[in-house]
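The points below are grouped by topic.

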Amino acid sequence: MELSNSFQGHEFSGFGLPLNDDFSGKSLDFDIGSRVEICATSENRAGIVRWIGYLGTTGQRLTVGIEMDQHFPGGTDGMLNGRRYFSCPLGKGHFVDAALCLPCIMRSPPLPPPVSSVDWQYPFSVPPSSPNSMLSKSSLRKTFGNKECNAVIGTVPPVSSDDVIKICGKFKGIQGHHNSCYLDATLFCMFTFTSVFDSLIYRPQEAEDIPQYNEVQRVLREDIVNPLRTNLFVRADRVMKLRTLLENLGDVSGLTSEEKDPEEFLNCLLSQVLKVEPLLKLSSGQDAYFYQLFVEKEEGLILPTVQHLFERSFLTSGIKLKEVPSCLIVQMPRFGKSYKMYEFVMPSLLLDVTDIIEDSPRQCIVCGKLARVECIECMGQCGTGLESTAFCEPCIKTVHTHRTRANHKIKQLSVPSDFVMVQEHCQLPRLYMELFAVVCIATSHYVAFSKCGNGPDAPWCFFDSMADRKGEQHGYNIPEMQPCPELGQWLREEWDHSVLNSPVGRESVPELVKRLFSDAYLCLYQSTDVMMYR
């Protein structure tokens with residue numbers, strides 16, 4: 001590390017600590033821009049290194065200028081004795097002996113620990129020899145590689161890029177470590193390019209929340225989401241902090257080392273730890289965080305769409321959604337890591353949820369006017385999907401005059417009174433949700449496809465947290481993002497699905513597209529209208 005130039009001045013410790021040990025000639029485990037803690041204080045004080053150098057000519061004591069997280073009595077704005085060494089808000093600037101600074105990512109948790117009632121597990125593959133020892137930078141590089149990953153404080157918006165090739169490459173995304181792919185792929189989908197889950201990282205703590213709520217939220221926001229959005233990279237030790245907290249605070253064991261499924265992680269994070277309001281409110285009175293598709297297999301169906309399976313599942317269950325959710329996580333009809341009901345499933349770019357929302361105004365399939373009744377037994381006879389079950393009263397009488405439909409049972413639809421009053425002057429709306437990511441699994445390894453922005457023409461990328469390894473058995477995982485320029489076209493355009501029936505035909509389908517169709521596990525949809533208010 002190259003130190004800044006020496007300066008004339010006086011030795012100074014912003015905390016009144018003794019400057020005793022000679023630090024000259026020793027290498028530092030942090031650099032300008034690193035986040036450090038003051039190890040000899042009675043309270044946990046941390047900040048960002050803004051300057052490193054020598055304040056005086058006697059003793060050549062190496063000093064660090066820090067922009068602290070909090071204001072501190074006697075703090076400066078980066079000036080000392082009339083000389084400016086760096087700039088920061090007044091009251092946050094402090095100068096400390098370098099020997100008293102430890103990188104936040106390389107030391108054991110301070111006492112008292114941030115999670116007061118949890119037994120901390122050291123978040124690295126090789127634990128330190130003693131509670132107060134540090135992992136050297138060389139140890140970190142051996143375990144995780146040379147890529148730096150500092151915590152990022154503040155508010156960072158999602159990534160948005162029209163040129164997906166520029167943002168892709170190796171050491172991009174979230175680095176995998178100790179069977180973490182289930183969590184890496186899910187977090188990448190949830191936060192990289194969308195804000196639909198941002199309430200998780202910004203909602204203030206409430207009375208019913210667990211005491212460790214702020215710590216979990218801070219780690220998720222500052223150690224994972226913000227670095228991911230700022231530098232498109234999160235090192236594995238940062239993710240291990242979250243995994244350790246969740247394992248200690250939730251009911252799911254093995255989150256730090258064992259293979260798990262995304263729904264186990266989501267249930268622990270959303271329901272048990274952060275206590276997020278359920279995403280789905282069902283007409284049955286139950287609430288849920290994701291929706292599992294339950295359908296009977298239709299023989300001869302080569303490439304069912306998520307739209308088709310989604311409607312069939314709700315038709316079978318007889319329930320509906322009470323409202324349009326901000327986010328809808330749909331789990332494919334498969335069981336475990338091996339059995340799949342269909343060899344291929346096509347994620348629908350737009351999911352039409354109009355006909356599964358309770359009390360949503362619907363259009364008569366025959367004349368287009370406001371529908372007043374529903375006949376499930378007429379499904380597919382006057383159109384396709386659940387939209388073919390909605391009729392106005394004159395049309396249902398006409399349709400049911402046929403002898404084969406005379407015994408059909410109809411159900412009255414509830415229509416909002418406000419809409420009834422203005423129906424003649426308003427176009428009946430359709431309610432759509434937009435696909436923004438897909439978590440896939442082949443054997444026991446999870447990967448992700450994510451749309452790099454909003455709108456139907458936004459490009460897609462493929463993410464694998466363990467795409468490559470260095471050092472063979474004892475190497476570290478190298479995450480990678482790959483552009484998928486052809487994916488949107490294959491999801492949008494009509495093409496002959498029968499090509500998937502033969503090995504020769506399958507060769508015409510790009511490898512990543514075929515992988516998406518074959519390995520889809522969770523499809524994540526968002527409502528760009530509803531998410532603005534959640």
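Phe193 has a relative accessibility of 5% and therefore counts as buried, the limit for that class being under 20%. In this predicted model, Phe193 forms an aromatic pair with Phe188.

**Phe188, Phe193 and helix α3**
- The pair of Phe188 and Phe193 is edge-to-face, with 6.0 Å from centre to centre and 80 degrees between the planes.
- Phe188 counts as buried because its relative accessibility is 0%.
- Phe188 is among the buried residues of α3, which also include Cys181, Tyr182, Leu187 and Phe191.
- Helix α3 spans residues 181–191 and is mostly covered, as eleven of its eleven residues are buried.

**The pair of Phe171 and Tyr476**
- The structure holds 16 aromatic pairs.
- In the pair of Phe171 and Tyr476, the ring centres are 6.3 Å apart and the planes stand at 40 degrees, so the pair is tilted; planes under 30 degrees apart would count as stacked and those over 60 as edge-to-face.
- This pair links distant parts of the chain, its two residues being 305 residues apart.
- Phe171 lies in the loop between β8 (169–170) and β9 (173–174), whereas Tyr476 lies in the loop between β23 (460–469) and β24 (477–483).
- Phe171 is buried, its relative accessible area being 19%.
- Tyr476 has a relative accessibility of 11% and so counts as buried.

**Other ring contacts**
- Trp51, Tyr85, Phe86 and Phe95 are linked into a cluster by ring pairs.
- Lys147 places its charged end over the ring of Phe233, at 5.9 Å from the ring centre.

Conventions:
Residues are numbered from 1 along each chain as its sequence is written. This is a predicted model: local features need pLDDT of at least 70, side-chain atom pairs count only at pLDDT 80 or more; totals for chains, interfaces and linings use all residues. Side-chain values use heavy atoms; hydrogens and water are left out. Buried means under 20% relative accessible area, exposed over 50%, partly exposed in between (1.4 Å probe, protein chains only). Helices (H or I, at least four residues) and strands (E, at least two) are DSSP runs, numbered from the N terminus. Rings of Phe, Tyr and Trp (its six-membered ring) pair if their centres lie within 6.5 Å; planes under 30 degrees apart count as stacked, over 60 as edge-to-face and the rest as tilted. A charge sits over a ring if NZ of Lys or CZ of Arg is within 6 Å of the ring centre and within 35 degrees of the ring normal.
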